[in-house]
Structure formats: C-alpha cells, structure tokens
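Q: I have a structure open here and would like to talk it through. Could you take my questions as they come?

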Amino acid sequence: MSTHAANTAHDAHAHTHTVKRYRGLMDWLTTVDHKKIGILYLIAGFFFFLVGGAEAIMIRIQLLKPMNDFVAADTFNELLTMHGTTMIFLAAMPMLFALMNAVVPLQLGARDVAFPFLNSLGFWTFFAGGILLNLGWFDASAPDAGWTAYAPLSGPTFNGSRAMDYYVIGLQIAGIGTLLGGINFMATIINMRAPGMSFMRMPMFTWAIFITSVLIVFAFPVLTVGLVALMFDRLFGANFFESGTGGNEVLWEHIFWIFGHPEVYILILPAFGVISEVVSTFSRKRLFGYSSMVFALVLIAFLGFMVWAHHMFATGLGPVANALFSIGTMLIAVPTGVKIFNWLFTLWGGSIRYTTAMLFAVGFIPTFVMGGVTGVMLASAPADYQYHDSYFVVAHFHYVIVGGLILGIFAGLHYWWPKMFGRHLNEGLGKLTFWTFFIGFHLTFFVQHFLGLLGMPRRVWTYLPNQGLDNMNLISSIGAFLMGIGTIVFVTNVIITWLKPRNAEADAWEDGRSLEWTIPSPPPEYNFKQTPLVRGADAWWKEKMDGKTEMTPAEPVGPIHMPSPSILPLIMSIGLFIAGFGFMYDNLLATIGGLAVTFACMFLRSVFDDHGFHIDPEHEEVHA
Amino acid sequence: MASNHSSSEEVKRHRVEGPQKHIVAFVLSLALTIIAFAAVAAGDINTTFTYIILVAMAIIQVFVQLAFWMHMKDRGHLFPIIAIVAGVFVVFTAVITAVYWVWW
Amino acid sequence: MSAHQHAEGHLPHEPEKATLEGRNKILGFWIFLGAETVLFGTLFSAFIALRHQVLDGPHPSHLFELPMIFAATMILLTSSLMSVFAVQAMHNNKVKAMIGWLLVTILLGLAFLGLEITEFNTYVSEGHNMKTSAFSSSFYTLVGFHGAHVAFGVLWIGLLITQIFKKGLTVVTAPKIYLSAIYWHFIDVVWVFIFTVVYLMGKVG
C-alpha cells in the first residue's frame, strides 16, 4: 500500500486537477462521501419523520373526542396507513442509516465504506421510493390498507383504485436502497476494519449495525418477493392472494411477517448500539459485559427470524404452531434482559454526566423495558386472542419503536451531532426536547394499554361516547401534541445551532472512547490522515489512559486515494421512479424508458472505470 | 512449469490449475440429474419415495457445485459460507411455512 | 492506477483478489447472493404453497415435457462448466482462452433462454397463462425470475467480453470476470431446484 502510494505521489496533483470536484448543490447530488450521505439520510429521514408526525397528530385530533369528524373515515384509513409506512420505512430506517453512515466507518478507522457508489445509490433509491409512496396523497387516494397491507384488503378485488399501487411500487424502490445499504455495511465491517481492530474490539454501535445489516440482507428480499407478488396480482391479474382463483391470503401474512419481524429488530438493534455507546461514555466506564452484549445481539437476530407467526396467532395456525411461536417469542426476552442489565451495571458506580444524550439513554431503559414486558404478555397465544387488534397492541409497539428506537435516535443525534456538524446542540434546549417528548410519549401511549384492555380496537375512525374511552383518548391526544412540541423544540435547536460557529473539539465530549473522537469534528473528507493502529477495545480510551494524545498510526502520511463523485446514482433512481409510474399507469413507454435509463447508467458505470483521485493531507492542511 | 527449480515458490503460486476436478464435478452433477429425471420417468415408484430421491439428488448436486465451481471449499470463504447458510436458514423457515402453515 | 497497468505482464495468481476493491467486491457479491438465496427461496415457498391450485388450467403433469426440461438442464449445466473453465483460464493468464470460454457460456445461456421462451409460448397456447390460476401465477413468477437472471447474466458477461477486448485482463477487470462466473453458477444452482421442485415434482403430482 505504502509503496503504491509512493509511486503515485507525484501523480497525485495531476489527479486532483483532472477529476471534477463539484460545489454547492451538485456536490450534494453527486457525493459518494459516507459523511455527506449520512447527512442526506438525516435530512430526508427527518423530513419524512415530520410528515409521519403530522399524520399522527391528525389521527390524534380525530380521536380527541367521541364521534369526531375532523377527517372522513376513508381519509383516516389513509392517515393510519401512511403514518405507519412512513414512520417505519421512510423516517426510522433512514435516520438509522444516517447514524450508521456518519459513525460506523469512523469507528472502524476506515476512510470510507466498502462501496461508496452503492452507498449513494442506496440513498437515492430510498428517496425516490419515499417520494413515490407519498405522491399517492396528490392522486386519487393514498394507500389505505394498513402498513401491513393485508390481503385481500390490499388486493385488486377489494382495493381497485391506484392507492395500494403507490405502496407496492414505492416500497419496492425504497427497499432496493435499504438492501444495498445492508450489503454495503456488512462488507464494510468485515473488510475495512483498521489494523488491530478484531471483531471483539469493535465498538458496540458498530456491532449493532453489523447485526442489523445481516438482518436487512436476509429479511428484505422476502419483502421484495411479497411486493412483487402483490404487484403482479394488482397490475397483471396474477392470483397469489386471490382466494377466488386459488390464491391464499395467509400466504401474504406469512411473507410479510417473515420479513416484518426481523424488520422490528432492524429498527431496535441500532438503538441498542447507540444506548451502549452513550451509557458507557457518560458513565466514563467500559461497557459492562461486552461479550455478552455481542452474544445477545446475535441471539436476538437469530431468534428474530423464528418468531414471525406471533403476529398471526389469531389466524388459527393451530396449537402446535402457536405454542412454538409463543415459546420462541418469550425466549427473546432473555438476551434482551441481558442487555438491559448490562446497561444498568455500566451505570452502576459510574461517574455519570447527565447530558441530553444521556438523558435520552436513561429514559430509554425503563421505557423499553415496559415495551418488552407487554411484548412478553402478547407472546402468550391464549392471552393474545384478547389483546389482538386492540389499542393494547398499539401501545406495545409504540413503546418499543418510539420509546425504544426514537429515544435511541435522539440520543444518538445529540451525541454525534458535534461529530457530524462540528457544532454542539444546545444542551438546555436539548433537555427541554427530552422532557417534553418523554412526558408527551408516556401520556400518549401509557393510557392506550388500558384503552385496549377496555376493548377499543385499533385502526377505528371514531368511537361512541360514555364507554369509558373518552378521557383516556383526550389524555392520549394531549400527549401527542406534547411530543409534537418536543419535536419543534428539537428543530429550533438545530436551527439555532446552525447559526453558531463550528467549534466542537475532536473529542467533543472529552470522554470519547472510540476512534471517531480521535479525528476533527467534522472529519476531513478522508477521515483519517493516517490509518490508526488499534491496541485494544475502546481504542481511543486506551490510548488516553496510557497518556497518549493521539492514536499510534499504522502507516506513514501519504496521498490518499478517494472515489470520484458521480451523478449516476441519482439518475438511476429517477429512472426507477419513472418506471414505477409506468407500471402503475400501464404506460409501456414510461416503463421501458425508465428502466432503460437505469440500465444505461449501470452500463456506463461498468464500462468507465472510476480511477478516483488523490488527496495529499499535508497539502490540504495548509489550506485548512 | 515444474522444470524451473530455482523458483519453486513462484511455480507454486502460479501453478496451472487442471480442469480435472471441474470435470469430475460436472460428471457428478450429470449423474445426479439423470438419476432424478430417471426416477420421474420410471413413473411407477411411490410419490413420497420419488420426492425423497428428488430432493436428495438436488441437495447433493448443489453441494457439489457450491464446493467446486463456486470455490466454497477453498480457503478464505468463511463469510461466503455464512452468507449462504444464513440465507438457506431463512429459506428453510419459509418453505416449512409453505408446506404446513398456509393451508389447513 | 498507473501502477496497476504496467503490472499487466505478470498479474498475480488470483488477480481478482489482488486489490482491496476486488476483495470488497467479492465479499459484497457473496452477501448479495445470500440475499438472492432468500429471494428465490421465498419465490419457491410461494410456489410450493400454491402449486396444487391448478383450477381449470392444464395440470402440470400434462403441461411439462420432460425431454425439453432435460435439454434445458443439460445446456445450463454445461454453460456452468464453461464459465468455470473461463475463470481457470483467467487464473492461468490465458486471456484468449478465457474469452472463448465466456463466449461459449453466453451462447449456451442464449440457447437456454430460447428454449424457455418456446416453452412459455407453448404453455400460453395451451391455456396456461399468468391469470389462469394461483399455480400458473407462481410458476411464471418463479421461473420467469430465473429466466430474467439468465438474461441479465448473458448481457453482463457479453459486456465484460467487450471490456476485456478494450482494457485487457487487469486487477480491475479480473474481479468482474470472477463474479460473473460465480453469478452464473448461482443461476445454475437455482435451476437445480427449479427442475426438481417445479418440473419433476410437478410431473410426479
């Protein structure tokens, strides 16, 4: 490597001049830099988070009082479908991708991900799919069969309008992006670790992302097939889920949940990783039980693939299947419990700093435990016949997804914001975000447990007065508004921070443990001037404890090879976007044209090699 | 090749791969395919037994091809093996589902 | 890159693994194949679930013609052997032989596609189309997905041959050749299950 670098040292300047470097908007459209792609994911994900949040607020306004008519019943169906779909696929996952893009290569001591081009392609296909999915609002009707799109409700017989076509094709395109991301991060973590960083020295967030990527890679193709089948049913008259012509609706449920249950863990495992990092940093202690944490992650992932039918107890699979899936589901509580106790033991005796990130992490632990406990309750098949399709289920999954994942994302954003943008978020406003959001969250969803137990079914447009549901629905709606306020405070915080100078230190929290805190905030394009040598777990902490002020380099300073920016990923995604509309509107020209654009870009990418360019870090520093 | 004694290590690294093992794999695959087709063409064996033969032949053939043609028996293929095994594991659950839990 | 080019005369024994980019590509591609395994596996499970729902359409035992399926199987199996010879030629740095083997591979791939198109045409004329029954839908989706993969493979390998003519065998092109061969074998592996589960089991009933 070093000899190669020396050979090309004098070429370096020639390369920097020949490769086109974009500025401004074009820079963002063509970037293959994982840090910038992370920011793109964050912007897009947060935009969809606001859209999904607005939908949630509208749902809660409709349910504020009995017999309300704020929105029409069919609009309500669209709202709840789009709320779920948007939040899971277009808000939560992209924000996770934002964190993993921003942090994982830095924690590995890598200069970029394994496939920078695919990384960019993954973002743009996700974004094209997300936009397509939401365009349903401006057509006849948005998707309205629930985020699970159960057949036959989502099939052509009972859903003749284009509504569900937007769901099927939008998710299909967005799913490609997610799958590419999963492959990319698996390959990155396996191949791109800095010298000395064995698997068992990787930071816990990176481990969580590794396992998450594994889940993405093996779960998303199942969704792809399900969506293809549903698309063929809807657009080409196939009969997968049409019982009149031999199809089977339960098959959709199985396919959806074989994907869908791992998807739940795709959402929560990164949050586990964030919490591990934050708790350990702000307790100024090594993470308790590192290897059991890793083992628990792997076990959760494994079991996560074997429990999907607990979403289908009421389908009537029979006592044997129900018993098996009950036991499997309850087993997951064991590794999850291991993680909870490890966090508690990390906190125990630590010298704790209650920063905003730490508040979110500490709020996460009991909240997630509550979601987990209701999960074990739901896992009991006979009891599930009572809970099924009631607000109890709504309360449960919002406790794990909002109380788990969203609190985790907020913790991660406050923690890594200085690393991503070079500026600290305001701590006062951050704490205000936490308290409004946290209290609002519990107000909204705690009472929903009891609404469910009282018999309020989920997905209902309205309810009759004086059935014991009125007050709790009001409380729930007030909580939702409070969460909205919390989100607005966060946005305000971001805007205020934006106006401040970039003054974050490399080790922004002073107690950083992993490699991302050894490089400037925000990091230079090439991340590490010299690839660091990792001498133990918590690599940076170890060096600090040994009295060092920087990492031991594993290579001499030299020109650094960088991949060229490319506009192709954006154009490929636009091609898929056009082809998607072609499929929906039965327009052969648009379909073939769109796919032709995509394939043409693949052709160009294959034929013209990307030679990249070189950056001379010493030279750069003069300018900086 | 082997005549150059002075750089035996060079010879080892640049050894010419023979086609023999691939032809063996091909013949094996051929035989397994023919057995499967013959079992069906014969016609009068009982259905369950035929199914067992068919699935067994398919699985053996896939192992042969993965090992020889896709180089999975070679060094440095830990993660490829993990990837395929994990995929097969998910497929296994999906197929069990299709057989037992879709119609009842 | 200039450093790589004058090394062309003596490429390393396994040029596809000579660079980090090459090793990344190979690893990433295997992970992709793991995902493809799940994709085809799910298509298979949908087919297995629906394969008896023939309704008024022709029954698979009447529909399927074993000799034709056997011919298609032989063609694909042989093409898989051809592509392994291509990789071997690459490892032995015999570029011309490699291109020859790759050409034979795609010719056989085209022959397979020709047979499949004829087969589908015959079925449609016998009243077995996408809309006939759940069996027919899942049949066309599964076998069609495989056919689409073959078609993509033919285009891909074809494109690679032209690249070899232009750029020669380098540490940049070698991983592509290696991966296209792995992809081609994977398609053959999927076909093993298709002829077993779809055709032979369909024939048995």
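Q: Which helix holds Leu359(A)?
A: Leu359(A) sits in helix α12 of chain A, residues 356–379. Helices (H or I, at least four residues) and strands (E, at least two) are DSSP runs numbered from the N terminus. The model is a predicted one, in which local features need pLDDT of at least 70, side-chain atom pairs count only at pLDDT 80 or more, and totals for chains, interfaces and linings use all residues. Residues are numbered from 1 along each chain as its sequence is written, while chains are lettered from A and ligands numbered from 1 in the order in which they are written.

Q: Is Leu359(A) buried or exposed?
A: Leu359(A) counts as buried because it has 23 C-beta neighbours inside 10 Å. A residue is buried if 20 or more other C-beta atoms lie within 10 Å of its own, exposed if 12 or fewer, and partly exposed in between, with C-beta atoms placed from the backbone.

Q: What does Leu359(A) touch, leaving out residues up to four places away in sequence?
A: Leu359(A) touches Tyr354(A), Lys431(A) and Phe434(A). Two residues are in contact if their C-beta atoms, placed from the backbone, lie within 7 Å.

Q: Now chain A as a whole. How many helices and strands are there in chain A?
A: Chain A has 20 helices and two strands. Its radius of gyration is 25 Å, close to the 25 Å that the globule rule gives for 624 residues, so chain A is as compact as a globular protein of that length. The radius is taken over C-alpha atoms, and the rule is 2.2 Å times the number of residues to the power 0.38.

Q: What does the C-alpha trace of chain A span?
A: Along its principal axes, the trace spans about 75 × 65 × 50 Å. Of the 624 residues in chain A, 58% are buried. Among contacts in chain A with a separation of 6 or more, 82% join residues 24 or more positions apart.

Q: What about the largest nonpolar core; how many residues has it?
A: That core has 302 residues, and those with the most contacts inside it are Ala411(A) and Ala86(C). Its largest share, 23 residues, comes from helix α8 of chain A, residues 204–236. A nonpolar core is a set of buried Ala, Val, Leu, Ile, Met, Phe, Trp, Tyr and Cys residues joined through C-beta atoms within 7 Å.

Q: Which residues does Ala86(C) touch?
A: Not counting residues up to four places away in sequence, Ala86(C) touches Met98(C), Trp101(C), Leu102(C), Thr105(C), Ile177(C) and Ala181(C).

Q: How many residues of chain C are in contact with chain B?
A: There are 38 residues of chain C in contact with 41 residues of chain B. On the chain C side, α2 (20–50), α4 (66–91) and α7 (173–204) each supply at least two residues. The largest share, 14 residues, comes from α2(C). This side divides into 22 nonpolar, 14 polar and two charged residues. Here Ala, Val, Leu, Ile, Met, Phe, Trp, Tyr, Cys and Pro count as nonpolar, Asp, Glu, Lys and Arg as charged, and the others, Gly among them, as polar.

Q: And the contact between chain C and chain A; how many residues does it take?
A: It takes 31 residues from chain C and 37 residues from chain A. The largest share of the chain C side, 15 residues, comes from α2(C). That side holds 18 nonpolar, 11 polar and two charged residues.

Q: Moving to chain B: what is its secondary structure?
A: Chain B has four helices and zero strands. Of its 104 residues, 28% count as buried.

Q: Lastly, how does chain C score on pLDDT?
A: Chain C averages a pLDDT of 92, and 95% of the residues score at least 70. The pLDDT is the predictor's confidence in each residue, from 0 to 100. Over residues 1–8 of chain C, pLDDT stays under 50. For the complex, the predictor gives an ipTM of 0.93 and a pTM of 0.94.
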